[in-house]
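Here are some exercises to work through with the model open beside you. Try each task before you read its solution.

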Amino acid sequence: MSSSPDTLARLEQTIASRRAAAPDQSYVAQLNARGLPVIARKLGEEAVETVIAALSGSREELVGEAADVIFHLMVLLAAKDVALADVLAELDRREGVSGIAEKASRNA
Ligand SMILES: N=c1c2ncn([C@@H]3O[C@H](COP(=O)(O)OP(=O)(O)OP(=O)(O)O)[C@@H](O)[C@H]3O)c2ncn1[C@@H]1O[C@H](COP(=O)(O)O)[C@@H](O)[C@H]1O
């Protein structure tokens, strides 16, 4: 199976279907059973681990932690009923808009 933008779409489908699984057989179901605060905390932990890997870890560790962040972000979005398409549309909207210019308009 190749890696592409479809990877995230497939992961979104997998997460949606695993949410209803038995918590003792699915990490996704287990996280959802523990609730939104636990999912959010887990995402925060993985983000911190990514920062640490970027500053003092190997390239391989950074890749692994980045994958953990994306996975846990996708679990959080699913728990909040936010579609990946909505996030991608927001990124599309920002395409070609200078980040500096947008920051200035937000602060105006
Ligand atoms: N991509 C992932 C993925 N990335 C990371 N993880 C899990 O995320 C956890 C990472 O947390 P830690 O490293 O802190 O490990 P931990 O100490 O076990 O976690 P906690 O006890 O603190 O919650 C590990 O248990 C990993 O197995 C993932 N679990 C699942 N997926 C995808 O989700 C699909 C469905 O998984 P299940 O729901 O388990 O069937 C899988 O087929 C994969 O495609």
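A nonpolar core is a set of buried Ala, Val, Leu, Ile, Met, Phe, Trp, Tyr and Cys residues joined through C-beta atoms within 7 Å. Keep in mind that this is a predicted model.

**Exercise 1. Find the largest nonpolar core and say which element gives the most to it.**

Solution. First collect the members, eight residues in all: Ile-15, Val-28, Leu-31, Ile-39, Leu-43, Met-74, Val-75 and Ala-78. Then sort them by element: α2, α3 (36-56) and α4 each supply at least two. The top contributor is α4, with three residues. Now zoom in on one member, Met-74: setting aside neighbours within four places in sequence, Met-74 touches Leu-11, Glu-12 and Ile-15. As background, nonpolar side chains in soluble globular proteins tend to be buried together.

**Exercise 2. List what surrounds the ligand, and sort the shell by class.**

Solution. Begin with the names: the ligand is surrounded by Leu-11, Thr-14, Arg-18, Ser-26, Tyr-27, Val-28, Ala-29, Lys-42, Asp-68 and Phe-71. Two or more of these residues come from each of α1 (5-18), α2 (27-34) and α4. Sorting by class gives five nonpolar, two polar and three charged residues. Notice Val-28, which turns up in this shell and also in the largest nonpolar core.

**Exercise 3. Is Val-82 buried or exposed?**

Solution. Locate Val-82 first: it sits in the loop between α4 (59-79) and α5 (84-94). Then count: Val-82 has 12 other C-beta atoms within 10 Å. The cut-off for exposed is 12 or fewer, so Val-82 is exposed. Last, look for contacts: beyond the neighbours within four places in sequence, Val-82 meets Leu-77 and Val-87.

**Exercise 4. How many of the 11 residues of α5 are buried?**

Solution. Go through the helix residue by residue, and the count of buried residues comes to zero, which leaves α5 hardly covered. Then step past its end: Gly-96 follows α5, with a positive phi near 85 degrees.

Notes
Residues are numbered from 1 along each chain as its sequence is written. This is a predicted model: local features need pLDDT of at least 70, side-chain atom pairs count only at pLDDT 80 or more; totals for chains, interfaces and linings use all residues. Helices (H or I, at least four residues) and strands (E, at least two) are DSSP runs, numbered from the N terminus. A residue is buried if 20 or more other C-beta atoms lie within 10 Å of its own, exposed if 12 or fewer, and partly exposed in between; C-beta atoms are placed from the backbone. Two residues are in contact if their C-beta atoms, placed from the backbone, lie within 7 Å. A residue is near a molecule or strand if its C-beta atom, placed from the backbone, lies within 6 Å of it. Ala, Val, Leu, Ile, Met, Phe, Trp, Tyr, Cys and Pro count as nonpolar, Asp, Glu, Lys and Arg as charged, and the others, Gly among them, as polar.
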